[in-house]
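Let's take a walk through this fold together, starting with a sheet and ending with a pair of packed helices. Keep the model open beside you as you read.

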Amino acid sequence: MATRKTAKRASPKAPAQATVRFYCQGIGDSHLLRFQKADGKDFWMLIDCGIHTSVKGGPRTVDAIVADISSATDRLDVVVGTHEHWDHLSGFWTAREAFKNIKVDEVWVGWTENPEDAQAQELDKFKGKALAALQGAQDKLSKTDSKHLAAVRDGVNGLLGFHFGLEGQKVRACRDALVGMASKKVRYLAPSKRPLTIPGLPNLRVYVMGPPRDEGYISIRERKSEMYGLGQALARAESLMAAMQSEDGGAQDSSAPFEPNMGIELEAMLNGAVDLADESIRRTHTLLKASYLDEAYRRIDYDWLSASAELALQLDDRTNNTSLVLAFEFVDTGRVMLFTADAQVGNWLSWQDLSWTVDGAKVSGSELLGRTVLLKVGHHGSENATLKEKGLELMNHPDFSAFIPTNKEDATKVKWGEMPYEPILEALDARAGKRVLRADDPWAQHATGSRAPFRAPSGSLRAIRRSNTKGLWVEVDVS
Ligand SMILES: [Zn+2]
């Protein structure tokens, strides 16, 4: 019978097994991993390269990141694109010229990005329709000064910033640019029976934890919440688009309850340009006129604009749940580095069902969590991207450490609520003590001065360094 493997504690003298350079652009991910091969050469992997549209000077920051990668290596063995969001992929497009100086062997993305995958095509259909509907809603929302809709407008704008660049470029262009970089192979990954191995790196196994294949997990937001099937979500996007088209006087609203000639234009009713001799029309005119100005938000068109907020959230959840999640295991010690991308609750829950067969023994998803000594915290530390009971609470290795790519100030500016989320910070602190590195930590954001958050070696971290360029990166040697 297979016995549960426990990861060893490392002595402070244990040699580093990997070096991870975490770029500190804030709301955006880019991580450069280096492993030493048996022949002494380096194996380089880049996970994501992006920054959120709302961050000031974002493309310039990404240029500095790519220049830094270039100065470290002229080749990347693998480039990983975790999911189709601007803050993870933007650099593959905005810095595409600079990337030409770096030779890329393989590109790894989730199965959800495979144009030949039938399930991915379904998901794509929803994404396309939802984006079109939301762009229409955003346009209308930008023209209203209703206070009731201000929150909806901010929410939709913030979420669309994950899908579009400053000049309206679509994130699909970034993904396609990334896939086009592969000189040897593009791998579309899904959880499988065996972990991946890499030639020349016998001490490393790579477990694909997500994206899950189960549609229920892709759409799930909170365990307790209602689950919407893809069909329903698609219908929602379609009716929002239909509502907008009919508002524009284009196609008729097929979901309207009456024939078009049965209604009276709102403007005419308000102006009194109607048959006021008809008592019911006169009464409606008086009522509407009295209540219209301060009750405008009750009108049906405002209603569907509000619905756009929910659709935006659904689109966001689904895309985040398509995150390619990778667990890197050091074979000799059983210790794990976990890169969660922006996986949300559904993706996390699906790890409980996973198991792999390694040397005749079973390895489960939750076991890998128990052996995690370095966590790349999900979705910039937001509320719904780190699971408690079936997530962080299983990560109880005494050497546990974590990095959060986040910037509280930027998140506040775009009104994202609490990002990073305080209870998650507390839970991370409880496990890692001071070994929680944040991109917006004063030490990370300066080239000189400020005190390092902790003294290395500590836990899984043999050493910590920061860039000579203000706020560009922090780097850790991991064992
Ligand atoms: Zn993100």
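In this predicted model, eight strands line up as an open sheet with mixed pairing, and their order is E6-E5-E4-E3-E2-E1-E17-E16. At the edges stand strand E6 (185–189) and strand E16 (461–466); each has a single partner strand, so one side of each is left without a neighbour in the sheet. Direction ignored, neighbouring strands here are turned by 20 degrees against each other on average.

Now look at where strand E1 (residues 18–23) meets strand E17 (residues 473–478). The two run antiparallel and are joined by six bridges. To find your bearings, look for Val-20, which stands opposite Val-476 in E17.

Next, turn to helix H2 (residues 86–94). Is this helix mostly covered or mostly open? It is mostly covered, with nine of its nine residues buried; among them are Trp-86, His-88, Phe-92 and Trp-93. The cover over these buried residues includes strand E4 (75–81), a member of the sheet order given above, along with helix H1 (58–72), helix H3 (96–99) and helix H6 (171–180).

How do H2 and H6 pack? Their axes lie 7 Å apart, at an angle of about 60 degrees. The roughly perpendicular range begins at 65 degrees, and the two helices are therefore oblique to each other. Their crossing is left-handed. On the H2 side, the contact is made by Trp-86, Leu-89, Ser-90, Phe-92 and Trp-93, which meet Val-171, Ala-173, Cys-174, Arg-175, Ala-177 and Leu-178 in H6. Sorted by class, this contact has nine nonpolar residues, one polar and one charged.

Conventions
Residues numbered from 1 in each chain as written. Predicted model: local features only at pLDDT ≥ 70, side-chain atom pairs only at ≥ 80, totals over all residues. Pairing = 2+ DSSP bridges. Helix = DSSP H or I, 4+ residues; strand = E, 2+ residues; numbered from the N terminus. Axes fitted to C-alpha atoms, helices over the stretch in contact; angles between N-to-C directions. Buried ≥ 20, exposed ≤ 12 C-beta atoms within 10 Å, placed from the backbone. Contact = placed C-beta atoms within 7 Å. Parallel < 35°, antiparallel > 145°, perpendicular 65-115°, else oblique. Left-handed = near helix turned anticlockwise from the far one by under 90°. Nonpolar A, V, L, I, M, F, W, Y, C, P; charged D, E, K, R; others polar.
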